[in-house]
Amino acid sequence: IPSDPAVIDINSDGLADQIYVGDMGGQVWRFDFNNHESDAASLTGGVIANLATDATDGVRRFFYAPDVAYIKGADPSKSYLSISIGSGNRAHPLDTAVNDRFYMIKQFDIFNAPAGYGIKPDETSPYRAITEADLYDTTTNDIESTDTDVADAAMASLSTSQGWMLQLAAPGEKVLSSSLSFNKALTFVTYLPEASGEDICSPAIGASRMYRVKLEDATPLHANESSDAESEDSGRTTEIEGSGITSTPYLYFDTEGKINEVVHFTPINSINPGPAKRTFWSEQAEY
């Protein structure tokens, strides 16, 4: 597990209640703490999603922490935690053999551990880890189709799903950072490998693409963007100027209160940073 964990205090009592983390086998784990217990009953854990592989797509890996948000439904039974996470092999960023995905997984058990998860395989349990078959495939954006029958069928499928998945379209496109959920919007960045330039001695740098979608259904965030269900990304994406692998998106509030989403690129010279050099020092008095 190379990823940082996402630690949640769901009841705002100052204590960790839940942890979510992905692994190198394409699994997503959940751990629940019972802070009123002092023995083994204080921790329950298990795999909540197995999204690793199929016969043709290769193994999908999770290197970065999931992004967790609370989605309030029309009634309490419709509320859930969204667990958003993208796959991509950071150790081999130029690989094009694996078809990576972005996922949003619903967890309806918000304040308590799901019944049966974490039980040993030799014991009877009704719990089953979520697979891609349980997720609505939102890749073609049928929800915004101009054909009402197609759109209605897509919404019906989404409403009975355990979340959604988005297949990344470009060869080798992968997610190499965490996503950002804010105000029912989801932002994440993908890395697109590219061949090196004319100088065969220079490294391949690649490009990046930002996705901005509605968290609940992965439709484009802005209505004025393309909603053509036949297009590659259905208006979800923006090409980012620059090259290399970007940081996790974060929010920036300017002096007028306007919200901006920002990413940074890994500096090209970080490939060979050279010898370290001291640039400043400070002294702190002892008390």
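When I speak of a contact this morning, I mean heavy atoms within 4.5 Å. Please keep in mind throughout that the model on the screen is a predicted one.

Setting aside residues up to four places away in sequence, Lys 106 touches Tyr 80, Leu 81, Ile 130, Leu 158, Ser 161, Gln 162 and Gly 163.

Turning to the charged pairs, a search of the whole structure finds 7 salt bridges, and I will go through some of them. Arg 60 pairs with Glu 132, with 3.2 Å between the closest N and O atoms; Arg 60 is in the loop between β4 and β5, while Glu 132 is in the loop between β7 and β8, 72 residues apart. Both Arg 60 and Glu 132 are buried, and together with Arg 101 they are linked in a network of salt bridges.

A further salt bridge joins Arg 209 to Glu 173, the closest N and O atoms being 3.4 Å apart. Since Arg 209 belongs to strand β13 and Glu 173 to the loop between β9 and β10, the pair ties together parts that are 36 residues apart in sequence. Glu 173 is buried, at a relative accessible area of 1%, and its side chain also makes a polar contact of 2.7 Å with the side chain of Thr 190. Thr 190, in strand β12, is in contact with several residues beyond its sequence neighbours, among them Glu 173 and Arg 209.

Finally, Lys 184 forms a salt bridge with Glu 216, at 3.8 Å between the closest N and O atoms; here Lys 184 counts as partly exposed at 43% relative accessibility, and Glu 216 as partly exposed at 33%.

Technical notes. Residues are numbered from 1 along each chain as its sequence is written. This is a predicted model: local features need pLDDT of at least 70, side-chain atom pairs count only at pLDDT 80 or more; totals for chains, interfaces and linings use all residues. Side-chain values use heavy atoms; hydrogens and water are left out. Helices (H or I, at least four residues) and strands (E, at least two) are DSSP runs, numbered from the N terminus. A polar contact is a pair of N or O atoms within 3.5 Å; within protein, one must be able to donate a hydrogen and the other to accept it, and residues adjacent in sequence count only if both atoms are side-chain atoms. A salt bridge is a side-chain nitrogen of Lys or Arg within 4 Å of a carboxyl oxygen of Asp or Glu. Buried means under 20% relative accessible area, exposed over 50%, partly exposed in between (1.4 Å probe, protein chains only).
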